[in-house]
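The sequence and the structure come first.

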Amino acid sequence: MRDMMGMLSKAKEMQAKMQAMQEEIAQMEVSATSGGGLVSLTLLGKGTLTSLKIDPSLLKEGEGEILEDLIIAAHNDAKAKLEAMMAEKTQALTAGLPLPAGMKLPF
């Protein structure tokens with residue numbers, strides 16, 4: 001019975017840590033650029049786009065497709081950085097836990 005209480009206590013502690021980590025991740029900001037700095041943007045931890053800056057030289061007729069590609073590239077770069085930061089924080093939180101291989105947190 002003592003082991004069961006200890007496990008429940010550890011589970012509650014882990015749940016609180018996970019919630020705190022998720023709140024911390026939600027507040028993170030990540031910035032990325034593409035086209036040598038012609039397009040830059042900022043994402044929040046949940047992937048919300050908060051800032052987009054476009055160099056005026058790209059605002060020419062016929063440059064729309066290039067601009068679209070640069071925005072997508074910058075967004076994908078920022079998202080990859082965000083996912084790496086989240087994985088790093090999750091790994092630090094779950095270090096030492098006997099999790100099955102391939103199991104990712106948060107779920």
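In this predicted model, strand β1 has a covered face made by Val 30, Ala 32 and Ser 34. The uncovered face of β1 holds Glu 29, Ser 31 and Thr 33. In a regular strand, side chains alternate between the two faces of the sheet.

**Strand pairing**
- Strand β1 spans residues 29-34, and its partner β2 spans residues 39-44.
- The two strands, β1 and β2, run antiparallel and are joined by six bridges.
- Glu 29, from the uncovered face of β1, has Leu 44 of β2 as its bridge partner.
- Four residues lie between the strands in the hairpin of β1 and β2.
- Gly 35 in this hairpin takes a positive phi near 65 degrees.

**Ser 34**
- Ser 34 belongs to β1 and is part of the covered face of that strand.
- Ser 34 counts as buried because its relative accessibility is 9%, and the cut-off for buried is under 20%.
- The side chain of Ser 34 reaches the backbone oxygen of Leu 70 at 2.5 Å.
- Leaving aside neighbours within four places in sequence, the contacts of Ser 34 are Val 39, Leu 70, Ile 71, Ala 73 and Ala 74.

**Nonpolar surface patch**
- Met 4, Met 5, Met 7 and Leu 8 make a nonpolar surface patch of about 440 Å².
- One of these residues, Met 5, lies in helix α1, which covers residues 2-27.

Technical notes: Residues are numbered from 1 along each chain as its sequence is written. This is a predicted model: local features need pLDDT of at least 70, side-chain atom pairs count only at pLDDT 80 or more; totals for chains, interfaces and linings use all residues. Side-chain values use heavy atoms; hydrogens and water are left out. Patches are made of residues with over 30% relative accessible area and no salt bridge: like charges are joined within 9 Å, nonpolar side chains (Val, Leu, Ile, Met, Phe, Trp, Tyr) within 5 Å. Accessible areas come from the Shrake-Rupley method with a 1.4 Å probe; for residues, only the protein chains shown count as cover. A salt bridge is a side-chain nitrogen of Lys or Arg within 4 Å of a carboxyl oxygen of Asp or Glu. Buried means under 20% relative accessible area, exposed over 50%, partly exposed in between (1.4 Å probe, protein chains only). A polar contact is a pair of N or O atoms within 3.5 Å; within protein, one must be able to donate a hydrogen and the other to accept it, and residues adjacent in sequence count only if both atoms are side-chain atoms. Contact means heavy atoms within 4.5 Å. Two strands pair if DSSP finds at least two bridges between them.
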